[in-house]
Amino acid sequence: MSKIVVSGLKPSGKLHIGNYLGAIKQLVELQKKDYKRFYFIADYHALTTKYNPSEKRVEIFNMAVDALAAGIDPKKSILFIQSHIPTHNNLAWLLGTVTSSGQLGRMIEYKEKIKSGQVPNAGLLNYPILMAADILIYDADFVPVGEDQRQHLELTRDIANAFNNNFGETFQLPKALHNATPRVMSLSDPTKKMSKSTPNGCLFLSDPPKVVEKKIMSAKTDSQTSISFDPKKRPGISNLLSIYSGISGRSIEKLVKEFKGKGYAEFKKSMAKEMNDFLKPLQMKRKKLLADKKSVMKILEEGAKKAIPIAERKLAEVQKRAGLIPTPNDNRRLSGI
Ligand code: TYM
């Protein structure tokens, strides 16, 4: 049986190069393998912080456009919007009954959000349970994500284990897939992760060439002049080398050799040019897709149509294991009563 890959993108802000290099690049590359892929826009996950509904609707749609422009191919992957598959939430409820609230409170992302002043609503706390449901409902083998999602993946495995221990083997344990750039750092502060919540350190996939150039030329480095890779001692230039390597396909060693004896300005200029060359086809595709919104909607609807029966089948299995009575259209509903 082919392996199953599941991953989601949260529509809070636009996609940046960290999302691309940490996750999307893998999602696209995995399309060459004989796997079954479920990729989705995690819209429910984007509602845990204060938002404007009409802006959010656009953000959700644009995230799907960005994913398609970046290379998610609907002929190879099932692409859908999370809220179009209500079974994710049904499963999340059941998984919540085997998850300890203490564990949820220990999630780094949750603690960081609270520290940054966000209202600790229940959605923010329960966020990882829904994420576990997103993954377990499709019996995922692999979950390609950036390093920041590692803890959520570990919790997903703990939740799956807890359910299996209580009710018998129901879920398999998914593995996180990280690639060579699992943690892209901010351009303005390379000791912090590149994140949509601090947009000035982000290089967005939709940034115009002049903005890209400006962001790269002013990216924080250090007072040294040589180009070398040492993430601990020289986080700024090391981060730029990782990003440059990720978009050019040339290894970090090769780039270091290429820029031996050259200064930061030359390195950054060259990187900005290649970044713009890399982004150009993506941005052109994005523009085309935005001019044909109906087709994008159709892709998402087709995706949901394919995902719904698979998710419903799994939910029915889980409900049965958990002692619930099957729905009226299931003729097994009287068995065991
Ligand atoms: P999100 O939308 O914050 O990020 C999408 C993907 O990008 C990765 N990522 C990064 N990788 C490297 N460097 C960075 N600076 C960086 N920033 C983000 C993330 O790790 C992620 O893979 N909770 C998820 C969405 C989600 C999900 C899921 C993912 C919901 N359900 C089920 C996988 C499976 C999130 O907020 O990702």
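A polar contact is taken here as a pair of N or O atoms within 3.5 Å, where within protein one atom must be able to donate a hydrogen and the other to accept it, and where residues adjacent in sequence count only if both atoms are side-chain atoms. The structure is a predicted model, in which local features need pLDDT of at least 70 and side-chain atom pairs count only at pLDDT 80 or more, whereas totals for chains, interfaces and linings use all residues. Residues are numbered from 1 along each chain as its sequence is written, and side-chain values use heavy atoms, with hydrogens and water left out.

The protein is divided into domain 1 (3-182 + 292-321) and domain 2 (199-290), with bounds that come from an automatic or database domain assignment. The C-alpha centres of the two domains are 29 Å apart, and their contact (heavy atoms within 4.5 Å) draws 18 residues from domain 1 and 17 residues from domain 2. The buried area, defined as the accessible area (1.4 Å probe) that two parts lose on being put together, summed over both, amounts to about 1600 Å² between domain 1 and domain 2, with carbon and sulfur atoms giving 68% of it. Of the area that domain 1 buries against domain 2, 32% is supplied by Lys 14, Ile 17 and Ala 69, more than by any other three residues.

Between the domains there are eight residue pairs in polar contact, with both residues at pLDDT 80 or more. On the side of domain 1 that touches domain 2, two or more residues are given by each of α1 (17-29), α2 (53-69) and α12 (293-321), these helices being DSSP runs (H or I, at least four residues) numbered from the N terminus. The largest share of that side, six residues, comes from α2.

One salt bridge, that is, a side-chain nitrogen of Lys or Arg within 4 Å of a carboxyl oxygen of Asp or Glu, is counted between domain 1 and domain 2. The side chains of Asp 66 and Arg 286 meet in a salt bridge at 2.5 Å, N to O. Another salt bridge joins the side chains of Glu 59 and Lys 56 at 2.9 Å, N to O, and both of these residues lie in helix α2, three residues apart, about one turn of the helix.

Around the ligand there are 28 residues (a heavy atom within 4 Å), of which Lys 10, Tyr 127, Asp 134, Asp 148 and Val 184 come nearest. A polar side-chain atom of Asn 19 is placed 3.1 Å from an oxygen atom of the ligand, while a polar side-chain atom of Gln 149 lies 3.2 Å from a ligand nitrogen atom.
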